[in-house]
Amino acid sequence: MINFQHIPFGLRESDGELVDVADVQRGMGCNCICPSCKTPLIARHGDVNQWHFAHASRSVYSKTKKDCDFSFYVSVRLMARQIFQEEMTIQLPQYKGIVSDYSSSGFCFAEEFIVSDKQSIQLSDVKIEASFNGISVDVVGNVGAFKFVIYLTHPNRHVPSELSCFKHPKYGVLKLSLESLITLYSENNHSKSSYKKLLKDFLANDLPSKEWLFHPRYEQSENHAKEVNRKKNTIFRVKT
Ligand SMILES: [Zn+2]
């Protein structure tokens, strides 16, 4: 069972790359540090427990322990950014909205509308840890003539309000939650698939973890649905 302090990806000191625990020498010879608190790591390749990195130096770790409460997610988020730099194709969920209107007698008209169907996009010219609208976001890339922003979340990391209310005709903004990966990794037997491979597949194909925060067509779709609702309301008034 993986927990919040288990670290699937260490920061290799020689080149600053995030590496999977399966791709390094076991023990202290892994030459990696914790990407969150920079304490040296030990690679645990056990026969029974899930493979993971653990903090090697108890004296250093005892001073930094509080900062490292979420080292699992810090390491996964940094590896996710590294993977996104490979300019991958990602699946996006359908984006739906709903508008409602009331008749003078209190009858409710609701109209659901589709902003965007489920689709796959190819990210290019990817920048990580980019500044966007005054805040630091994980990924900014191009999708055709549009810019696409990804904000990664996990327990104790939430979407900033500046991003939640962002609007721009040339931008799409997506929230991607890494929360379910702890379960996915806990269920994985390391001989089946590496953490990095699982993460890459998750980032590309998992839909429940993804949520649209803004889509450039939202306002147009919403206005159309409002118009449909107004017509329904007018017909209702004539009939009653
Ligand atoms: Zn740490």
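Bear in mind that the model is predicted.

Okay, the sheet first. We've got 3 strands in an open sheet, ordered β2-β1-β3, and the pairing is antiparallel. The edges belong to β2 (18-20) and β3 (32-33); each has a single partner strand, so one side of each has no neighbour in the sheet. If you look at β1, residues 9-12, you'll find 3 bridges tying that strand to β2.

Next, H52, which is in strand β5, residues 52-55. Is H52 buried or exposed? Buried: its relative accessibility is 7%, and the cut-off for buried is under 20%. The H52 side chain reaches the backbone oxygen of Q50 at 2.9 Å. Beyond four places in sequence, the contacts of H52 are H6, I7, V21, I42, A43 and R44.

Last up, the cores. The largest nonpolar core has 52 residues, and F84, Y185, L199 and L203 have the most contacts inside it. Our helix α2 comes back here, giving this core its largest share, 7 residues. Domain 1 (9-69) and domain 2 (89-239) each put in at least three residues. Zoom in on F84 and, leaving out residues up to four places away in sequence, you'll see it touching I90, L123, V126, V139, I150, L152, L176 and L203. Apart from that core there's another one, of 13 residues, including V137, V140, F166 and V173.

Methods. Residues numbered from 1 in each chain as written. Predicted model: local features only at pLDDT ≥ 70, side-chain atom pairs only at ≥ 80, totals over all residues. Heavy atoms only, no water. Pairing = 2+ DSSP bridges. Helix = DSSP H or I, 4+ residues; strand = E, 2+ residues; numbered from the N terminus. Buried < 20%, exposed > 50% of the residue type's maximum accessible area, 1.4 Å probe, protein only. Polar contact = N/O pair within 3.5 Å; in protein donor to acceptor, adjacent residues only side chain to side chain. Contact = heavy atoms within 4.5 Å. Core = buried A, V, L, I, M, F, W, Y, C linked by side-chain atoms within 4.5 Å. Domains from an automatic or database assignment.
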